[in-house]
Amino acid sequence: MGSVSFGQYSYVAILGFVLLGCLWLEVALRTRVLRRWRRLLLAIAPALVLFAIWDVYAIAQGHWWFDPDLILGIHLPGELPLDEVLFFIAIPVASILTLEAVRSVKSHWRVGDEPLDEVGQ
Amino acid sequence: MTYTQLAVGSVVAVVLIDLWVLRTRMVTRAVFWSSYAIIFFFQLVTNGMFTGFGVVKYDGDSIIGETSPAVGPPPFLGEGRIAYAPVEDLMFGFALILLTIALWVFWGRRGVQRTPVAGPPVWRRSPAEGNQV
């Protein structure tokens, strides 16, 4: 089998696939998410902390583990692979880009952050 | 606690946060479920790559299914797995996605970079451009 091997970059290559699949929305659907980077950081940070704690607990309990040949090999305290931290950035960015892309197309749908005078509640 | 228990608990906790702590009520909105439907497809593909290629492996005592095999992919479907990944991963992902989106909307509602708003897509004229024609 002439299968392509990404070796220690396998994990981040999958994250690259995720970003490849969504970053074009910023241009094509004018999502303007990356331009609003302060709001983006405030949305990502709390979830990143909570899920990193869960991750450290799960690794310590042996719920899951990573193939050492397929990750970068850089670990944060708690045996947390750097790749996992990048996951908790890439997936939220992709999610918010998707939400704003749907809003871009469905501009009449209420999202919940409209100014109060424009919404019924 | 097992991964199964934590995964179910996280979904319940984040839904409660969305409804009654942040009061963003994303789970009551078409825009959220339409977005999640798109995300769900890519979630299956991404989870499938992580688990199918064996980047991440799971302990059978902590999930519904069996321990990931040392060599080769786990079952594609069945034994608690969907597209190679434990169903728990879908719940983990849902909790992460809902919490992030609810926080994004929460900060926007608080006035943090509510603008510039999204849209319109490049293939549509903006209202301002339309008026000039």
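## Report on chains A and B

Apart from its neighbours within four places in sequence, Ile96(A) is in contact with residues of both chains: Val33(A), Leu40(A) and Ala43(A), together with Thr100(B), Ile101(B) and Trp104(B). The model described here is predicted.

Ile96(A) also belongs to the largest nonpolar core, a set of 56 residues, in which Ile96(A) and Ile101(B) have the most contacts. Two or more residues of this core come from each of α1, α3, β1 and α4 of chain A, and from each of α1 (3-21), α2 (30-52), β1 and α3 (87-109) of chain B. The element that gives the most to this core is α3(B), with 14 residues. In soluble globular proteins, nonpolar side chains tend to be buried together.

The contact between the chains takes 47 residues from chain A and 44 residues from chain B. On the side of chain A that touches chain B, two or more residues are given by each of α1 (10-22), α3 (37-61), β1 (64-66) and α4 (82-105) of chain A. Of these elements, α4(A) supplies the largest share, 11 residues. The table sets out the classes of residue on this side of chain A.

| Class, side of chain A that touches chain B | Number |
|---|---|
| Nonpolar | 25 residues |
| Polar | 10 residues |

Chain A itself contains 4 helices and 3 strands. Read from the N terminus, its elements follow the order α-α-α-β-β-β-α. The C-alpha trace of chain A spans about 55 × 35 × 20 Å along its principal axes. Its radius of gyration is 18 Å, whereas a compact globule of 121 residues would have a value near 14 Å. Of the 121 residues in this chain, 37% count as buried. Among the contacts in chain A with a separation of 6 or more, 70% are accounted for by residues 24 or more positions apart.

In chain B, 3 strands form an open sheet in the order β2-β3-β4, with antiparallel pairing. Because β2 and β4 (85-86) of chain B stand at the edges and each has a single partner strand, one side of each is left without a neighbour in the sheet. The antiparallel strands β2(B) and β3 (residues 81-82) of chain B are joined by 2 bridges. Opposite Leu77(B) stands Ile82(B) in β3(B).

The loop of chain B between β1 (56-58) and β2 (77-78) contains Thr67(B). Thr67(B) is partly exposed because 13 other C-beta atoms lie within 10 Å, a count between the 12 or fewer of an exposed residue and the 20 or more of a buried one. When its neighbours within four places in sequence are left aside, Thr67(B) is in contact with Tyr58(B), Asp59(B) and Gly60(B). From C-alpha to C-alpha, Thr67(B) and Lys57(B) are 7.6 Å apart in space, and they are 10 residues apart in sequence.

Notes
Residues numbered from 1 in each chain as written. Chains lettered and ligands numbered in written order. Predicted model: local features only at pLDDT ≥ 70, side-chain atom pairs only at ≥ 80, totals over all residues. Contact = placed C-beta atoms within 7 Å. Pairing = 2+ DSSP bridges. Nonpolar A, V, L, I, M, F, W, Y, C, P; charged D, E, K, R; others polar. Rg over C-alpha atoms; globule rule 2.2 N^0.38 Å. Core = buried A, V, L, I, M, F, W, Y, C linked by C-beta atoms within 7 Å.
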